[in-house]
Amino acid sequence: MARPPLTRERIVEVACHLVAESGHEQLSLRKLASELGVTAPALYDHVSSKDELLRVVAGVGYRELAASYSCDLDRAIDRVRARALAYIDFAATHPQLFRVMFMYRPAVVQIEADNELREANDVFALGVVDIERARQDGDLAGDSAEQIGLTLWAGMHGVATVSLIAPPVADAVADDVIDALLRGLRPAD
């Protein structure tokens, strides 16, 4: 039986599978090539390095996270809450991919590192749209939708990280943390 042709898409697909199975630390181009039934040098026609490959895998993860954000709730604040829960659930159900994703960052997280990723920017921007709408609706207060987004992200990321090491704890506190954050970000009466 002939193996499928070696394409960048196939390489990324198998790399995603290997990362999900054993983590990015265990991924090597040699192991990936073996899984694909080729030699490691054959991969270099499609990817330049393991670092480039991990960046692409992270982009896949961010796109999957964005897809998990799909919801048809009417109120922006309800969408913000639903997406916060989706973020935490994504981390719990895709722990190895989640770890790779957060080797990269959206531009709004301003640090001295060359690890900005367009797909991370896209996911962050999805949240900012609803946060801005929730501000316009009077459900959130703050000077900047981006700053509110960072605040919410820090809380969600904390719970998501806990979900990787202590899932029952994260399950027990996820709703409470999100509700407390949203209550704290409401306009003063």
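Predicted model: local features only at pLDDT ≥ 70, side-chain atom pairs only at ≥ 80, totals over all residues.
Student: Do α5 and α8 run roughly parallel or roughly antiparallel to each other?
Tutor: Their axes come within 8 Å and cross at roughly 30°; an axis is a line fitted to C-alpha atoms, for helices over the stretch in contact, and angles run from 0 to 180 degrees between N-to-C directions. Angles under 35 degrees count as roughly parallel, over 145 as roughly antiparallel, 65 to 115 as roughly perpendicular and the rest as oblique. Therefore α5 and α8 are roughly parallel.

Student: How many helices are there in the chain?
Tutor: Residues are numbered from 1 along each chain as its sequence is written, and side-chain values use heavy atoms, leaving out hydrogens and water. Helices (H or I, at least four residues) and strands (E, at least two) are DSSP runs numbered from the N terminus. The chain has zero strands, and its helices number nine.

Student: Which residues in α8 meet α5?
Tutor: Contact means heavy atoms within 4.5 Å. From α5, the partners are V80, A84, Y87, I88, A91 and A92. On the α8 side they are L152, W153, M156, H157, V159, A160, S163 and L164.

Student: Is R83 buried or exposed?
Tutor: R83 is found in helix α5. Buried means under 20% relative accessible area, exposed over 50% and partly exposed in between (1.4 Å probe, protein chains only). R83 has 15% relative accessibility, so this residue counts as buried.

Student: What about A2, buried or exposed?
Tutor: A2 is found in the segment before α1. Its C-alpha atom is 55 Å from that of L182, a residue 180 places away along the chain. With a relative accessible area of 72%, A2 is exposed.

Student: What percentage of the residues count as buried?
Tutor: The chain has 189 residues. Its C-alpha trace spans about 65 × 35 × 30 Å along the principal axes. The buried residues make up 41%.
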